[in-house]
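Welcome! Take a moment to look over the model shown here, and then let us walk through it together.

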Amino acid sequence: MILQMVNTLGMFVLATCDQLGKFTLFFAHAAYIAATTRLKITKVIAQMEIIGVESLTIVVLTGTFSGMVFALQSYIGFKRVGGEQFIGSVVALAMIRELGPVLTGLMVTGRAGSAIAAELGAMEITEQVDALRTLRIDPFQYLVVPRIVAATIILPFLTIFSMICGIIGGYLVCAYVLELSPEDYINSIRTYVELSDINGGLVKAAVFGLILSWVRVYKGFYTYGGARGVGISTTQSVVTSSIMILISDYFLTKMIEQL
Amino acid sequence: MPKNVIQLIDVHKKFDHKEVLKGIDLAIPEGKMTVVIGRSGEGKSVLLKHMIGLIKPTSGKVIIDGVDITQLDQHDLDPYYQKFGYVFQFAALLDSLTVYENIGISLIENNVHSDQVLQVVKEKLALVNLEEDTLYRYPAQLSGGMRKRVGLARTLVTNPEIILYDEPTTGLDPITSRVIHELMYDMQQRLKITSVIVSHDVEIFKYADYVALLQDGKIQFFGDAKTIWESENPYIYQFIRGLSDGPIQVDVAHAA
């Protein structure tokens, strides 16, 4: 009984280490290819369109409503201590430092990340990736690197939209729903928000872009088992990248804070 | 007997705990059409992928031009990919690209001028008997037979010395299958290409030079295609006649 438990635990640890090793080596190889071969600019731009333009609506919507609800909740708290004039800075700091990058990362993971894991997964099981190899086209250069580069570049831009929409959403709630002073809202942002806050948020967004694209191309690339396999890869890519984004968020915040 | 261009020596392949190939010894003669036959699920496609290095064996050697390609990494396999063309079972055309982009992909990715690409693509399209109006269609808009022909045209762009066909007529009606067989034969005759075809279609024997039978993870027969119907090898005798009695165990569950 105990021996069986140890055996199961050992197998689990070995399988996890194997997966982690493969996952890391996959990125190392992608980085090597990115550094040693010509970047396919047209493919990067096409991917930026798929990830960026097609995710914009959802990012704008979630950003706006997060800012609105944040303003509303902050008002309830600040009203108790008489600090309503700080709502603007609280909403702006939350959107810029935290909510903007994280929400954008999660939304893009759900919207474009899953689609690309499914696309690559389908390519893998229908031998399209093998076909590229036999035609002497490196699948890393053709498929992997453009997707990772595009997501890493486009996520900060999407995050800027999320930040701005959140701040505007908060402003609308403060000015028109709560009927507070719009000047107070704007002045508190001017007083308390610094450029380093924005930089930190954008760095986070870029790292989230890297993480979500890395996970989804990896999962797509190692798909097997037909249509069911594609479904499993897609789900796993969303779950894994969402968890990785949330975990790395803490450590990134800590690192950026110490810089 | 012509010289051998590919030689597999004691090739074993295990997937998890299942051993698919159990010691394959096979030599492919240059400039000839060799057909590998065998039942579904016997590992014919796995065997074919070993010849081009898409799958590495658990043990054994795959010799091409005197070099064991199992020892090479992905980068060093590049010159060998140049010698080979691979026609996939379901064509493996890139869904998001048009027929023109699919056929010309190896040129487009190497920055060849678009006029030159178009010229080469049209030339290869004519070789596989396809009309020019298919050029800007997507794979999803083509029939199974047309997709296979586009797959072959894409392979021909690289001017390969050896073409590996993975079940080129599976899922096609007898007339289209015959057209594909004639096309492969024509390519081989005209371009002096070495062809290796994985199939379970006995009609291909009319066009082939040699036949190899894969059964129980081993090559149980290798011989001249022209005299195959006279062969008394019990495996080939049973297989080509579709008999249930013989050394090949007919497992209903396996067959289903």
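What covers the buried residues of H7(B)? Keep that question in mind while we look at chain B as a whole.

## Getting your bearings

This is a predicted model, in which local features need pLDDT of at least 70 and side-chain atom pairs count only at pLDDT 80 or more, while totals for chains, interfaces and linings use all residues. Residues are numbered from 1 along each chain as its sequence is written, and chains are lettered from A and ligands numbered from 1 in the order in which they are written.

Chain B holds eight helices and ten strands; helices (H or I, at least four residues) and strands (E, at least two) are DSSP runs, numbered from the N terminus. The C-alpha trace of chain B spans about 55 × 40 × 40 Å along its principal axes. A compact globule of 256 residues would have a radius of gyration near 18 Å, and chain B agrees with its 18 Å. That radius is taken over C-alpha atoms, and the globule rule is 2.2 Å times the number of residues to the power 0.38.

## Helix H7 and its cover

Now back to the opening question: the cover over the buried residues of H7(B) includes strand E3 (33-38), strand E9 (210-215) and E10 of chain B. Helix H7 spans residues 234-241, and its buried residues are Tyr235(B), Ile236(B) and Phe239(B). They lie on the same side of H7(B), because they cover an arc of only 85° around the axis; the arc is that of the directions from the helix axis to the C-beta atoms. After H7(B) comes Gly242(B), with a positive phi near 65°.

A residue is buried if 20 or more other C-beta atoms lie within 10 Å of its own, exposed if 12 or fewer, and partly exposed in between, with C-beta atoms placed from the backbone. In chain B, 41% of the 256 residues count as buried.

## The six-stranded sheet

The strands E6-E7-E8-E3-E9-E10 of chain B, in that order, form an open sheet with mixed pairing. Strand E6 (84-87) and E10 of chain B stand at the edges, each with a single partner strand, so one side of each has no neighbour in the sheet. Neighbouring strands here are turned by 15° against each other on average, direction ignored.

E6(B) pairs with strand E7 (residues 162-166) of chain B in the parallel sense, over four bridges; two strands pair if DSSP finds at least two bridges between them. Tyr86(B) has Leu164(B) in E7(B) as its bridge partner.

## A residue at the edge

Lys218(B) belongs to strand E10 (residues 218-224) of chain B. With 14 other C-beta atoms within 10 Å, Lys218(B) is partly exposed. Leaving aside neighbours within four places in sequence, Lys218(B) is in contact (C-beta atoms, placed from the backbone, within 7 Å) with Lys22(B), Gly23(B) and Ile24(B). Gly23(B) is 195 residues away along the chain, yet the two C-alpha atoms are separated by 6.0 Å.

## A hairpin and its partner

Strands E1 (residues 4-15) and E2 (residues 18-29) of chain B pair in the antiparallel sense over nine bridges. They form a hairpin with two residues between them, and Asp16(B) in the turn has a positive phi of about 50°. Phe15(B) has Lys18(B) in E2(B) as its bridge partner.

E1(B) also pairs with strand E4 (residues 59-64) of chain B, in the antiparallel sense and over five bridges. Here the bridge partner of Ile9(B) is Lys61(B) in E4(B).

Definitions and conventions. Two residues are in contact if their C-beta atoms, placed from the backbone, lie within 7 Å. Axes are lines fitted to C-alpha atoms, for helices over the stretch in contact, and angles run from 0 to 180 degrees between N-to-C directions.
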